[in-house]
Amino acid sequence: CPSPKVAGKGCFGAALMQDATLVQQLTSSMYHGSQGSIPITVKCRIGTDEGYQFTRDQYNARSDEEEYQSLKQFIETVASEGIVTDFQVHARIAVLGKNYS
């Protein structure tokens, strides 16, 4: 969330996309904590602004392939144990930096 009340305040929400292994561990804990009795789903974005300052020019300079590979790696890591039953992809990037234009 680009809101000053949320952006840069910790690792929750869309910021979790920056640590796919942690998301995988969290989904595993939810699955085992519920003894497999509930579906485990993940809602994510197509990516984040990690690694570049979010400006129109810098975003437009990123290749579609780079965006795709990043999302693919996130989903493959999170889904690696076969626990997640569904991914909902919110089709925009998450602007996590406090400053953007």
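The expected span of a helix is 1.5 Å times one less than its number of residues. Keep that handy, and keep in mind that this is a predicted model.

**Stop one: helix H3.** Select 64-78. H3 has 15 residues, and from first C-alpha to last it reaches 21 Å, close to the 21 Å expected at 1.5 Å a residue. Now show the side chains of Glu67, Leu71, Phe74 and Val78, which are buried in H3. They sit on the same side of the helix, because they cover an arc of only 60° around its axis. What lies over them? Bring up H1, E1, H2 and strand E2 (84-94), which are included in the cover over the buried residues of H3.

**Stop two: the core.** Next, pick out the largest nonpolar core, a set of 12 residues. Leu71, Phe74 and Val78 belong to it, and so do others including Leu16, Met17, Ile40 and Ile83. Colour by element and you'll see that helix H1 (20-33), strand E1 (40-48) and H3 each supply at least two residues of this core. Zoom in on Leu71: leaving aside neighbours within four places in sequence, Leu71 is in contact with Met17, Cys44, Arg45, Ile46 and Val89.

**Stop three: Arg62.** Go to the loop between helix H2 (56-61) and helix H3, where you'll find Arg62. Is Arg62 buried or exposed? Arg62 counts as buried because its relative accessibility is 17%, and the cut-off for buried is under 20%. Show what is around Arg62: not counting residues up to four places away in sequence, Arg62 touches Glu50, Tyr52 and Glu67. Finish on the pair Arg62 and Glu67, whose side chains make a polar contact (2.8 Å). That brings you back to H3, where Glu67 is one of the buried residues.

Notes
Residues are numbered from 1 along each chain as its sequence is written. This is a predicted model: local features need pLDDT of at least 70, side-chain atom pairs count only at pLDDT 80 or more; totals for chains, interfaces and linings use all residues. Side-chain values use heavy atoms; hydrogens and water are left out. Helices (H or I, at least four residues) and strands (E, at least two) are DSSP runs, numbered from the N terminus. Buried means under 20% relative accessible area, exposed over 50%, partly exposed in between (1.4 Å probe, protein chains only). A polar contact is a pair of N or O atoms within 3.5 Å; within protein, one must be able to donate a hydrogen and the other to accept it, and residues adjacent in sequence count only if both atoms are side-chain atoms. Contact means heavy atoms within 4.5 Å. A nonpolar core is a set of buried Ala, Val, Leu, Ile, Met, Phe, Trp, Tyr and Cys residues joined through side-chain atoms within 4.5 Å. The arc is that of the directions from the helix axis to the C-beta atoms.
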